[in-house]
Amino acid sequence: MTEARKLYVKSFGCQMNVYDAQRMADTLAPEGYVETTTADDADLIILNTCHIREKAAEKVYSELGRVRRLKEAAAADGRRVTIAVAGCVAQAEGEEIIRRAPAVDLVVGPQSYHRLPDLLARAAHGIKAIDTEFPVDDKFNHLAAPSTAAMRARGISAFVTVQEGCDKFCTFCVVPYTRGMETSRPVSQIIAEIERLADAGVREVTLIGQNVNAYHGAGADGRPQSLARLLARVAEIPGIERLRYTTSHPRDMDEDLVAAHRDLPQLMPQLHLPVQSGSDRVLAAMNRRHSRADYLGLVERLHYARPDLALTSDFIVGFPGETEDDFAATLSLIGEVGFSGAYSFKYSPRPGTPGADMGDQVAEDIKSERLARLQDVIDDNQAAFNRGCVGRTFDVLFERESRYPGRLTGRSPYLQPVQVTAPSSLIGTIAAVIVTEMFGNSLLGVLTQNPEQQPAQQPAMAGAGA
Ligand code: SF4
């Protein structure tokens with residue numbers, strides 16, 4: 001038997017990358033790779049990169065300097081370390097990575113992870129391998145299925161990629177260039193994966209995609225199915241008690257999906273719906289293809305379908321041409337919707353996107369000042385939302401033991417972490433909790449029933465939530 005080789009994957013950025021890292025590990029497991037939590041003793045180091053944040057490529061090159069030194073130290077001990085760069089920076093930079101960082105053995109784009117074993121075999125013969133194509137075949141048909149142990153290691157709550165890529169071409173965003181056009185996995189493939197996750201103890205599934213509500217995967221009859229239909233099908237899987245999906249584009253929120261928030265009790269009352277700006281002028285310049293009124297109308301329909309729905313969003317401040325009036329429109333939209341949280345960023349030009357070539361870039365100090373003001377408003381909204389949760393009773397899904405002895409950490413329907421004094425036998429189950437206090441963004445609560453009197457639920461499988 002060959003000795004196990006150690007794999008270290010460092011993921012940057014979004015949940016899609018976290019999921020991709022798991023699937024890369026699944027694909028390399030049959031090749032004898034086992035995951036390790038540190039780069040120091042790894043035989044294969046994969047940097048799974050993200051291109052969304054500012055200076056993403058430069059951060060990857062600086063990280064590569066660190067792993068190059070590890071590779072050199074291992075070589076001095078007679079041990080070979082292979083370095084791979086994956087993810088969106090790999091896709092965008094391609095062979096430039098090997099030119100600037102010759103210690104890198106292979107570069108692989110997000111659509112080619114199923115080819116990792118071949119690329120590694122070539123790298124073992126000293127051939128620098130680069131695969132950043134958008135292949136016509138579906139990588140999900142080729143990625144190895146995770147072992148039961150790998151499934152269990154995912155815990156109580158798991159992400160499942162159902163869609164990749166984006167055709168929207170917002171003028172600030174690199175995703176259409178790094179992840180390609182919108183593609184969707186077939187329904188049967190997704191259902192089979194979630195059934196296995198449920199068998200391994202997963203109770204909550206978040207369907208993910210760069211533009212997840214553009215989902216249009218083939219159903220049993222070969223015809224495209226909507227995300228609403230997919231959610232309804234996933235909700236039928238025994239053991240899956242909670243459903244979420246992210247990230248959505250307002251234009252792709254069709255009426256079936258709005259209705260799913262009314263009709264599917266498993267669908268949690270929380271939705272991340274990026275708006276980016278509250279100004280029609282800026283929305284048009286961003287090529288968002290929806291107006292402020294469209295967004296507010298959609299929010300109204302969602303609240304009609306599910307009155308307790310809480311919304312989170314993304315905002316970009318200082319997009320080229322944004323005036324103080326445009327920014328005020330964003331603040332007023334936040335006031336109208338009352339988001340329970342948001343991610344907010346200063347606009348930073350991404351090479352190759354139309355926004356980078358727009359003439360009227362906003363000065364850095366103005367962007368910083370607007371971002372600080374916007375974040376104050378969002379923080380106030382979030383604190384008000386959390387304060388409003390005190391005294392309410394929520395179903396909490398317990399995920400793991402807390403770092404405070406005797407307590408468990410779970411999640412409310414709104415994704416807030418909730419600390420509760422409870423026995424570890426409740427991990428993987430849902431119990432009613434009265435929220436008694438808030439600490440920053442987390443909540444403290446007490447079980448409404450003595451744990452011995454909790455209704456019997458299907459227990460979590462071993463290894464989950466450790
Ligand atoms: S919809 Fe989202 S992923 Fe697509 S281009 Fe716009 S910001 Fe990027």
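Two rings of Phe, Tyr or Trp are taken as an aromatic pair if their centres lie within 6.5 Å, and a pair with planes over 60 degrees apart counts as edge-to-face. In this predicted model, the structure holds 6 aromatic pairs. In one of them, Phe315 and Phe339 are arranged edge-to-face, with 5.6 Å centre to centre and 80° between the planes. This pair links distant parts of the chain, 24 residues apart: Phe315 belongs to strand β13 (residues 310-317), and Phe339 to the loop between α13 (324-337) and β14 (341-346). Phe315 and Phe339 are both buried.

The ring centres of Phe394 and Tyr414 are 5.7 Å apart and the planes stand at 70°, so this pair is also edge-to-face. Phe394 lies in strand β15 (residues 393-401), whereas Tyr414 is in the loop between β16 (407-411) and β17 (417-421). The two residues are 20 residues apart, and their pair links distant parts of the chain. Relative accessibility is 5% for Phe394, which therefore counts as buried. Tyr414, at 8% relative accessibility, counts as buried as well.

Phe172, Phe319 and Tyr347 are joined into a cluster by ring pairs. Phe172 is also one of the residues that surround the ligand. By class, the shell comprises 7 nonpolar, 1 polar and 2 charged residues.

Charged groups also sit over aromatic rings. The charged end of Arg100 is placed over the ring of Tyr61, 3.8 Å from the ring centre. Arg407 lies over the face of Tyr404, at 5.0 Å from the centre of that ring.

Notes:
Residues are numbered from 1 along each chain as its sequence is written. This is a predicted model: local features need pLDDT of at least 70, side-chain atom pairs count only at pLDDT 80 or more; totals for chains, interfaces and linings use all residues. Side-chain values use heavy atoms; hydrogens and water are left out. A residue is near a molecule or strand if one of its heavy atoms lies within 4 Å of it. Ala, Val, Leu, Ile, Met, Phe, Trp, Tyr, Cys and Pro count as nonpolar, Asp, Glu, Lys and Arg as charged, and the others, Gly among them, as polar. Rings of Phe, Tyr and Trp (its six-membered ring) pair if their centres lie within 6.5 Å; planes under 30 degrees apart count as stacked, over 60 as edge-to-face and the rest as tilted. Helices (H or I, at least four residues) and strands (E, at least two) are DSSP runs, numbered from the N terminus. Buried means under 20% relative accessible area, exposed over 50%, partly exposed in between (1.4 Å probe, protein chains only). A charge sits over a ring if NZ of Lys or CZ of Arg is within 6 Å of the ring centre and within 35 degrees of the ring normal.
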